[in-house]
Amino acid sequence: IAKVKERDDMQLLEELTAQLMTAHQLIYERGGKSLANGSRIHEFAFKHNLIREYVYHHLPKTKRELLHVKIGDCLERLYAPNADEIAAQLAAHFYHGYVPEKAVSYGLKAAQDANARYGAAEAVRFAKMGMDALEERAKTLPPNEYAETKVRLLLELAKAEEDGGEPKEQKDHIQNGIEYL
């Protein structure tokens, strides 16, 4: 948050703990972790998802989009060179920030990771995010790169649907991928 808001770490921490944590009891500290690049991050979370949803949906749409991009860029730098570890977070931030060139690749990686863990619903969500972002990029990509990425996303989607018990959708996505090729 300090990097995104371009604020001093200690000053922001004082504000978070004094107002949101102590006075209003809206957030709690989840702990900290060290990253591969030597950075250390501290995580806070809202005490209830409804609070997070309320705050999120009361932000102006433009501000929400810009914050998603700034957060995605900041996380990508913090986790470099291991940004794929948080592909799901990055896919969501770049998708909601309308940065399709990053949303596609992180969406595909997040879908692959979810499929590897048998997280069918999550894999479907990220594969569909990647597909939507890919369509945004369609005019700017070379046809062969577009086709390869579309087929890879369709296959991840089909795999997730197979694992999730949706054989009709699985068959439709495989057929769509074959026809597209």
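This is a predicted model: local features need pLDDT of at least 70, side-chain atom pairs count only at pLDDT 80 or more; totals for chains, interfaces and linings use all residues.
Residues are numbered from 1 along each chain as its sequence is written, and side-chain values use heavy atoms, with hydrogens and water left out.

**Glu 156**
- Glu 156 lies in helix H8, residues 143-163 (helices are DSSP runs, H or I, of at least four residues, and strands, E, of at least two, numbered from the N terminus).
- The side chain of Glu 156 makes a polar contact with that of Asn 115 at 2.7 Å (a pair of N or O atoms within 3.5 Å, one able to donate a hydrogen and the other to accept it, where residues adjacent in sequence count only if both atoms are side-chain atoms).
- Leaving out residues up to four places away in sequence, Glu 156 touches Leu 108, Ala 111, Gln 112 and Asn 115 (contact means heavy atoms within 4.5 Å).

**Val 99**
- Val 99, placed in the loop between H5 and helix H6 (100-116), is buried, with a relative accessible area of 12% (buried means under 20%, exposed over 50% and partly exposed in between, with a 1.4 Å probe and protein chains only).
- Apart from neighbours within four places in sequence, Val 99 is in contact with Val 69 and Phe 94.
- The C-alpha atoms of Val 99 and Ala 158, which are 59 residues apart along the chain, are separated by 25 Å.

**Largest pocket**
- The largest share of the lining of the largest pocket, nine residues, comes from H4 (a pocket is an open set of points on a 1 Å grid over the protein atoms alone where a 1.4 Å probe fits, with protein on both sides within 12 Å along at least five of seven lines, and lining residues have an atom within 4 Å of a point).
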